Amino acid sequence: MGKKKAAFVFLKDPENAWIPAKLLKSSGNVADVQIPQYKDEQSTICDGGKSAKKWIEAEVDLSDYNRGVLPMQNVDENGNMRAFPDMVNLPFLHEPAILYNLKDRHVNGKPYTRTGDIIIAVNPFQWFKEIYTEKVRNRYARVLVWENTDGDPRNQVEPHVYETSALAYKGLAFDGHDQSILVSGESGAGKTETVKICMNHIASVQRGPTKGNVEDTKFSDPIVNRIMESNPLLETFGNAKTRRNDNSSRFGKYTQLQFDMGNASKKQFAADKASRMCNLAGSKCEVYLLEKNRVALHDPEERTYHIFYQIIASKDKAKYWDQLAGASNESFRFVGKAPTDTIEGIKDGDHFKNTVKVLAEVGVKGDSLMTLMQAIIIVLQIGNLTFGPDPKDDERSVVTSTKDFAALSELMCVPEEAMEVSFTERTMKTRNETYKVPLNADTAKESAEAFAKEIYGRLFLWLVRAINDATAAELNYKSGIMEHFGVIGLLDIFGFESFVRNRFEQLCINYANEKLQAKFTEDIFRSVQEEYEFEGIPLDEIKYDDNTDVLDLIEGKAGLLAMLNEECVRPKGNDDAFVAKALAANKKSPCLIASKTNRREFGIHHYAGKVMYDAEGFVGSNVDTLPTDLEECAVKSNNEIISKHLSNDKSSNLASKPKASTGKKAAPRRAKSNLVAATVWTKYKSQLMSLMNMLAQTNSRYIRCIKPNTYKKPSIMQHLSTIEQLRCAGVVAAVTLSRSAFPNRLDNSVVRFKFWQMWDKDKYPSDATPNMSPAEKLTCDCKALLKCALAPLAENDPKTGKPITIFVCGKTRSYFKMGALEFLESHRSQGLEVHAIQMQRIGRGFLTRKRLRGSQKARKHGVVMIQKWMRDMLAKKKAKKEMEKARKEKLKREAKLKKQREEEEWK
């Protein structure tokens, strides 16, 4: 009997997330496995254990696995990895399969992998020049945009972000639908660089069809150049060095590339695609949730925003403020000693030269440049202020850093006396009265830091508006006579975050990711729906969990947002009360976690996993009202950014469209009070709602960026961190949804070829008829085959009593419930044994008969040879006798003659 073949599976591992193994046998909830031992995590691959140092045997508890089934490897019969560019084609699609498929491509220098319409970009930590040349750009544009091809044109090219950008342009130019590209990932995963690559490719594609050997990478269009070169400006003011990334974006950004769609009626009847192209006309940018806390505080191993280091390192910094001469990073508390003075291989001082150059190109030069630089210096100088208790009254405070305070007064052109009152006292206004409250030293310091953070936040928005003024199509394209443009939006936003200590900022970031995940889920469901409809599979088989309950917890009427805002307007609102109210109001929510050890802590079951939040400082962080005293101080300044733009929270100077009038008289507005104001979360929610509304009007495409290792080294992938990112990016959730009903799939032809031996045609005959097409006959055969093979798994739903659907055969593919395909693979060898015995019986009979027939022939041949040898021997013996007789006769004759001669002589 033939030896049963082991199945190649994955096992959970606390250190490496998932490791390959061989399944020998399973019984009940226990499986016997062989585990190959590799040198290290990087050496752990799916190769059937060929490169392993040794093997160990173990027992595995199957209750730890989904439905008690070990996930199968995507390997050939010898256990060698079968990597796929599009993971939708993986026979076994699950978390470890995704991990090892990405690892195989990453190690082999292929940073991009496709999962349906999603591109997964693994940061290679090296630049592959050969896949970013102008020739490659043109090829993707030619294949995906300009050429007419049968079937899916993506099958002709490797996965690439160029694929996403080309298809986005195609959707806008030829289908007339606005597009959006959503790029997400953790810090250091390469989001910003990916957005740049996409943006450059879109600018290249919009030039129209070009020959594949064109290598000119310099765009002559001034609009395109301005858009491309303005991007580094936002990095200078909004990026910082972190432990994870030297150039980490500390804000979210949605860039809208605007296109002149041309004459719609002419394009409708255009003979060729080149006549239907649309041209890049401009761009607009919206920014979200700048990390203002980084202005005043950052980790010693990190840096604050790049612009601070650049201006201090500048050789001509004294022209912006004479007291900067001789100043260093250590001269300013907000900056301090920097861990490095080089970002992306360029010194801070050299970066500043390019910053000033690009600022001039977007119109910030001369007096505007001086105003901007002095606003930055003012932020730095505020950080040097110190406060101490008033000698006359401990409840009051005074400025103790008199020299720095005098310098700040000179910079802002505000009298010292008036400015000191603004920092050390607080004016409180209610409906009926106004009164002053003195601040102690600690509160005064916090107030100064809040002022600095607010100035920086507003000057960042001022810069965004200046860039939009220089690039917006409404203001710059064709003398501003056009109003309506096609849009390709690129969203570069912070990914899901979970740290040892998670604060208010992490909750805001994760709330944004929950909103985006909801849209992501809808879009993935739509693509799954299209596939099932094509295959003729009932849609009611699709069952999945969305994140509606999490969003209700956060933004519902009694959710976290409402409870926090309530505490912010309550006179004595505090963090403890917020947590207590939130837990009480949402105690029935399955997504809310109450801490048993810390009353100021709570947790949320996000789509990417559980996150515990420390609510200390939540109320203070959510209050976005600058005290009246500091507002009045800012108005007195001669710096225009500070005096006129501190209340402007818009990203664009373009007038928003007026709302349609209802004809009804508006209700009277409440009198303004500094006790009631829009909170950070309320404003952020409003921004997100606006963003989601914009995205809802577009056809969205997704790029998920992955940081493969923390060492920032090429060709290395750490399993645990990669798996965590795949979950946070929603890739695992997308896979779960796309295969929610039937996780595994195989082509019908493969099903019949691999599992024919498990089909009892007498008990389970096929419904195929002679009139059917070959594809229909194949589908009927697969239905009968799988019904027979999966009969042991048949069971009824305990709730409805109806049979549970284990598999479905579509027009071209068969789809399997979790565990069904694994069952077929593990029992495939058992089905083969019966046929193997029959084949062995026939084979042995054939060999025996052949051997017997060979023996008879050999005997006949032997007899002939013996006869031949005997005849030869007898003939030789006879010849020898005759020769001897002839010799003797000759001797007799000679003797007789000799005797006769002698007798004659004697005579």
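Predicted model: local features only at pLDDT ≥ 70, side-chain atom pairs only at ≥ 80, totals over all residues.
## Strand S10

Strand S10 covers residues 252-260, and nine of its nine residues are buried, so the strand is largely enclosed by the rest of the structure.

## Partners of S10

S10 pairs with strand S11 (residues 279-288) in the antiparallel sense, over nine bridges. Within this pairing, Gln256 has Lys284 of S11 as its bridge partner.

S10 is also joined to strand S18 (residues 486-492). The two strands run antiparallel and share seven bridges.

A separate heading is given to the open sheet formed by three strands in the order S19-S20-S21, with antiparallel pairing. Strand S19 (592-594) and strand S21 (609-614) are the edge strands; each has a single partner strand, so one side of each is left without a neighbour in the sheet. Direction ignored, neighbouring strands of this sheet are turned by 25 degrees against each other on average.

S19 and strand S20 (residues 601-606) run antiparallel and are joined by three bridges. In this pairing Ala594 stands opposite Phe602 in S20. Helix H16 (residues 548-555) lies across S19 and S20, and its direction is at about 150 degrees to S20.

## Asn622

Asn622 belongs to helix H19, which spans residues 618-622. Its relative accessibility is 0%, and because buried means under 20%, Asn622 counts as buried.

The side chain of Asn622 makes a polar contact with the side chain of Asn565, at 3.0 Å. Asn565 is also one of the residues in contact with Asn622 when neighbours within four places in sequence are left aside.

Notes:
Residues numbered from 1 in each chain as written. Heavy atoms only, no water. Buried < 20%, exposed > 50% of the residue type's maximum accessible area, 1.4 Å probe, protein only. Helix = DSSP H or I, 4+ residues; strand = E, 2+ residues; numbered from the N terminus. Pairing = 2+ DSSP bridges. Axes fitted to C-alpha atoms, helices over the stretch in contact; angles between N-to-C directions. Contact = heavy atoms within 4.5 Å. Polar contact = N/O pair within 3.5 Å; in protein donor to acceptor, adjacent residues only side chain to side chain.
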